[in-house]
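Here is a short note on the fold and the packing, for use while looking at the model.

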Amino acid sequence: MKPENLKTNWDQYYQSGGFPLARLTRAYLVRKLDGILSQHLEPQSGPRIVEFGGGNTILMELFKKRNPRDFLNLDSNELGLRLFKKRNAEFSWARTCHSDLLQYRPEASADLVVSIGLIEHFSSEQLETVIQKHFLAVRPGGLVVITFPTPTWLYRITRGLSEALGAWKFPDETPLPIAKVVELVKGKGQVLSTQILWPQILTQALIVVRAAPLKQD
């Protein structure tokens, strides 16, 4: 476990309006994910969507375009979920769950499970469990999309400058090599795509996985 004093203060994050650099690159990330879903999410009426660590998610416009039957936004931060509910009270299909992902028991029913900048906030001992939760929540043949910071030279320089200026707010963030995450999803599905999102500056890796179908007897 990471020490409590090294945990990100998510209440402070939401109260301050988010990390400045993330606000600048948000539109790019949403466009990139829109293209990924258009390419890989199976055409269907009313997909079921789960976002882990969504909080006051930036992806609602993306999800609304898919006319979801159900959207579950799970997060351990109550303030983020309150902000989300205030913004999206009109959508009866949008639900929240205030829970620690490590304690959550998902059902394998979602057509799409997504997490944006979540898994890097867990310890190395917890990482395998956190990734496994994504695949426990998705139906066989469904889509799992995960983004996380990866330690490129650009990430290291940008984070170093941010820390030097006292602007860094994510003390528990550990950038992850793509190969490490690919290894952890091995056997859980077919990796459709991996890429580095360089315009994010604090470079994010993106991995897209088609969950393994049910085994035939």
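The points below go from the whole chain to the cores and then to one residue.

1. Basis. This is a predicted model, in which local features need pLDDT of at least 70, side-chain atom pairs count only at pLDDT 80 or more, and totals for chains, interfaces and linings use all residues. Residues are numbered from 1 along each chain as its sequence is written, and side-chain values use heavy atoms, with hydrogens and water left out.

2. Fold. The protein has 7 helices and 7 strands, in the order α-α-β-α-β-α-β-β-α-β-α-α-β-β along the sequence. Helices (H or I, at least four residues) and strands (E, at least two) are DSSP runs, numbered from the N terminus.

3. Dimensions. The C-alpha trace spans about 55 × 40 × 30 Å along its principal axes. Of the contacts (heavy atoms within 4.5 Å) with a separation of 6 or more, 70% are between residues 24 or more positions apart.

4. Burial and surface. Buried residues (under 20% relative accessible area, 1.4 Å probe, protein chains only) make up 51% of the 217 in the protein. The accessible surface (Shrake-Rupley method, 1.4 Å probe) is about 11100 Å², and 52% of that surface belongs to carbon and sulfur atoms.

5. A nonpolar core is a set of buried Ala, Val, Leu, Ile, Met, Phe, Trp, Tyr and Cys residues joined through side-chain atoms within 4.5 Å. The largest has 29 residues, of which Phe52, Leu101, Val113, Ile119, Ile131 and Phe148 touch the most other members. At least two residues each come from β1 (48-52), β2, β4 (110-116), α5 (124-137), β5 (138-149), α7 (178-185) and β7 (204-211). The largest contribution, 5 residues, is that of α5.

6. Val113. Beyond its neighbours within four places in sequence, Val113 contacts Val50, Phe52, His134, Ala137, Val138, Leu143, Val144 and Val145.

7. Second core. A separate core of 24 residues includes Phe71, Phe84, Phe91 and Ile116. In soluble globular proteins, nonpolar side chains tend to be buried together.

8. Phe71. Which strand holds Phe71? Phe71 lies in β2 (residues 70-75), and Phe71 is buried, at a relative accessible area of 0%. Gln12 is 59 residues from Phe71 in sequence and 26 Å from Phe71 in space, C-alpha to C-alpha.

How values were computed. Buried < 20%, exposed > 50% of the residue type's maximum accessible area, 1.4 Å probe, protein only.
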